[in-house]
Each structure stands twice: as structure tokens, then as C-alpha cells.
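These are my notebook entries on one model. I wrote down what I looked up, in the order I looked it up.

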Amino acid sequence: MTCCFVNSSIYYIFILHFDNTCIVCNTPFVFQLTLYLGKRDYVDHVDSVDPVGEKLSAFIIETQKTVWIQLACAFRYGREDLDVIGLSFRKDIWIQHIQLYPDAGHKPTLTEMHDTLLKKAGEQGHPFTFNIPTNLPCSVTLQPGPDDKGKACGVDFEVKAYLAQSADDPDEKIDKKDTCRLVIRKIQFAPDNTGSGQKAELCKSFMMSDKPVFLEASLDKEIYYHGDPIPVTVKIKNETTKVVKKIKVTVDQTTDVVLYSADKYTKSVLCEEFGETVEGNATFEKTLPITPLLANNKEKRGLSLDGRLKDEDTNLASTTIIRGGMDKEMLGILVSYKIKVNLMVSGGGDVTVELPLTLMHPKPKGIPAF
């Protein structure tokens, strides 16, 4: 079996080649499967998703098996190596099969990418297209621990070409050498039109003081991009005789695994303390910049990340955008963020407000609007 990568920024080619011999007539069976995909990332535009293609090249002589192409969205929630002892920690969320050989009538509308790849494959090329439903989740990977091995947990999409008698017979064993596969990602970009930023405020009184401390925290826009600084504007009006000793700002990521259980947990992805003091009967206003990054959280097992392709670098998972009428269980994993601004007050006690935070990727140029 050989694997070829040709211009990895545009398309990937996986070539599977092997020879078998018929035990009855000693006729050689020759198989060669080459899976071409025009790209690895497919964009969810909210009301539609980029179709997945583009082509499978198959060179086959005298085989009684069928060539199938499959796209599956699955949620893995356990170690892959345990599958060999009869335990499966994988649940298919959505799966679709297409028979490519012998021809079963699959005739997709050819795109420019199809035409380009067909020229490379020649007469043996078999074009295909999968249409991803809009109610499926985006790709999410749960960060493994330092000692974890095998495929990481999370939601992923995989295109697989294989030889089999039937598409999904559970009793038929498909040899790995009869299969070639490629993981893809379903991603979502921030919309063009966004709203104003969030604001939270709290007025808190303390024992032995008849005056309160007033805290207001706000963001200047609704959505922030991964890696960009997030300016948090903090306003304090201290009418007490106590001193605000410092300001602590944290960003928490909440992962809600809704597919198989009510498993919900929160991990801090940023915690910064600012040595700003506010004396009694004084006011304070300042914008504090923060930047939550995966680079500062590499050791946190179970942190949600955007889907990862092999060993490529990634980032913290984007906020899950839920459309009206969607079944949350179909999403597998829901990811959300919040910013907490906490005032540490002398003599004990604190004042805390929370702001919801939306983290996403900016839309590259050339991507149509939602």
C-alpha cells in the first residue's frame, strides 16, 4: 500500500494497490484505489454546507467485490485501542454510502474541481459528491492527555473507499488493505453581520458597610477571533471604605457532551491578575486586554479543540452556534465560553460578573456570506 501527497494545500491522493489470486482458477485480481479530494475543510454556511467530493479512481480487474465510498460523521468517546477487545466507544451520528463500481447510477453534477481531478485520473476516474446535512456538528477534538494513545475523542468526519460485498454488513470483515480513508473537517466561520458586545453589572454591599461597590464589565463587539486580543472594559465605583486590592479576569470553556450522557464540565483557559487598586470612595475605569490561547493550555486533558488533521496544529474549539429547531443531541459536543471579572476586596469578600464570549474564525476572502 502506498500513500502519495501531491501539493498538500490543494488536494491529497491516497493510492491503495495490491494483488490477489483466485484460489479456483489462479487468475490474478488487481486492485488500485486512488482517492482524490479537492480540499480538507468544508464550510458550514448555516443554511447549507459545502458538498464533499470529488473523485475516486479505481482500476479493477476480475473482482466479485463492489467498490463503495462512504462519508461518516461519528463521535468517539473512548480509547481506540479498546475496540480490539470487543468494546466500541464510537457512535455514528450520520453515515451515507455510494456504490461506485460496478456503476449503480451515481451521476453527480460535475464541478470545476471534478474536471481538474478527472484529467489527472483519466478514464478510470469515478466522480462522487456527498451533501452534508446542515444539522450535523462541526469537527471537535478533545485534547488527549500526555499518556493517551490512539485516535483522540471527539466528533470527526471521514471519507472512506473500500472493497466489500455490501455497504454495511456487520458480519462482513473488511481488510485494512482493501480500504483507503481520509479525515476531513466541517468548520464554521464568523458571520459578516454581528451585534454589539455584552455588558454585565453588579452592585454589592458588604457587612459593616452601608455603601456598595459597583462593578460593570463590557465587551465592544459580539464575536472575537481566535488569537486576537479581547479588550474587557472594567468600570468600578467604590463607595465603601474598603480597598479593591486587585482585579482577576478568567475565561472558562464549558464542554457539554450531549450525545450519550449529561456530561458537562468547565475548564479555565485563561486566568490573569491585574494589580490595579481602587481606594475607598474612588472610581476606576480601564480596558484590560486578554488573549486565551491553546499554546498556554497544552497539558489540559479534555479541553475542546477545533478538529485536528493528523499532527497539524489547531486552536481552542470555536463556540457552537445552534440554529433554531436543531436537535442538540445530533451536535454531539456543545462548546461555550464565558469571561469572569472578579474584584478582590480588602477584609474578605469579592465582586464578580460574567460575560458570554463567542470565539470563532474570521471568514477568508472569497467565501460567500451566510
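**Entry 1**

I started with V251, which counts as buried because its relative accessibility is 0%; buried means under 20% relative accessible area, exposed over 50%, and partly exposed in between, with a 1.4 Å probe and protein chains only. The model is predicted, so I note the conditions: local features need pLDDT of at least 70, side-chain atom pairs count only at pLDDT 80 or more, and totals for chains, interfaces and linings use all residues. Residues are numbered from 1 along each chain as its sequence is written, and side-chain values use heavy atoms, with hydrogens and water left out.

V251 sits in strand β16, residues 244–257. Strands (E, at least two residues) and helices (H or I, at least four) are DSSP runs, numbered from the N terminus.

Which residues does V251 touch, not counting those up to four places away in sequence? I listed K267, S268, V269, L270, I290, Y337, K338, I339 and L357. A contact here means heavy atoms within 4.5 Å.

**Entry 2: the core**

I followed I339 next. Leaving out residues up to four places away in sequence, I339 touches L219, I230, V232, V249, T250, V251, I290, V353, E354, L355 and L357.

I339 is also one of the residues with the most contacts inside the largest nonpolar core, together with I247 and V341. That core has 69 residues. A nonpolar core is a set of buried Ala, Val, Leu, Ile, Met, Phe, Trp, Tyr and Cys residues joined through side-chain atoms within 4.5 Å. Strand β20 (residues 333–345) supplies the largest share of this core, seven residues.

**Entry 3: salt bridges**

How many salt bridges does the structure hold? I found nine, where a salt bridge is a side-chain nitrogen of Lys or Arg within 4 Å of a carboxyl oxygen of Asp or Glu.

- K338 and E354 meet through their side chains at 3.7 Å, N to O. This pair links distant parts of the chain, with K338 in strand β20 and E354 in strand β21 (residues 350–360), 16 residues apart. K338 is partly exposed because its relative accessible area is 27%; E354, at 42%, also counts as partly exposed.
- K286 and E276 form a salt bridge whose closest N and O atoms are 2.7 Å apart. K286 lies in strand β18 (residues 282–290) and E276 in the loop between β17 (263–274) and β18, ten residues apart. K286 counts as partly exposed at 37% relative accessibility, and E276 is partly exposed with 21%.
- K107 and D103 meet in a salt bridge of 3.2 Å, N to O. Both residues are exposed.

**Entry 4: strand pairing**

I then traced an open sheet of four strands, with the order β12-β13-β15-β18 and antiparallel pairing. Two strands pair if DSSP finds at least two bridges between them. β12 (199–205) and β18 stand at the edges with a single partner strand each, so one side of each has no neighbour in the sheet.

Seven bridges join β12 to the antiparallel strand β13, residues 212–219. One bridge I checked has L202 with L215 in β13 as its partner.

Strand β11 (residues 179–188) came next. Is β11 mostly covered or uncovered? It is mostly covered, as eight of its ten residues are buried. Strand β4 (residues 41–44) runs parallel to β11 and is joined to it by four bridges, and D44 stands opposite Q188 in β11. Strand β10 (residues 154–164) runs antiparallel to β11, with six bridges; Y162 has T179 in β11 as its bridge partner.

**Entry 5: whole chain and confidence**

I counted two helices and 21 strands in the protein chain. The chain has 370 residues, of which 45% count as buried. Of the contacts with a separation of 6 or more, 65% are between residues 24 or more positions apart.

The chain averages a pLDDT of 79, and 80% of the residues score at least 70; pLDDT is the predictor's confidence in each residue, from 0 to 100. Over residues 1–30 the pLDDT is below 50, and this stretch has 80 contacts in the model beyond near neighbours in sequence. Residues 57–62 also stay under 50, with 24 contacts beyond four places in sequence. Where pLDDT is low, the predicted coordinates should not be read in detail.
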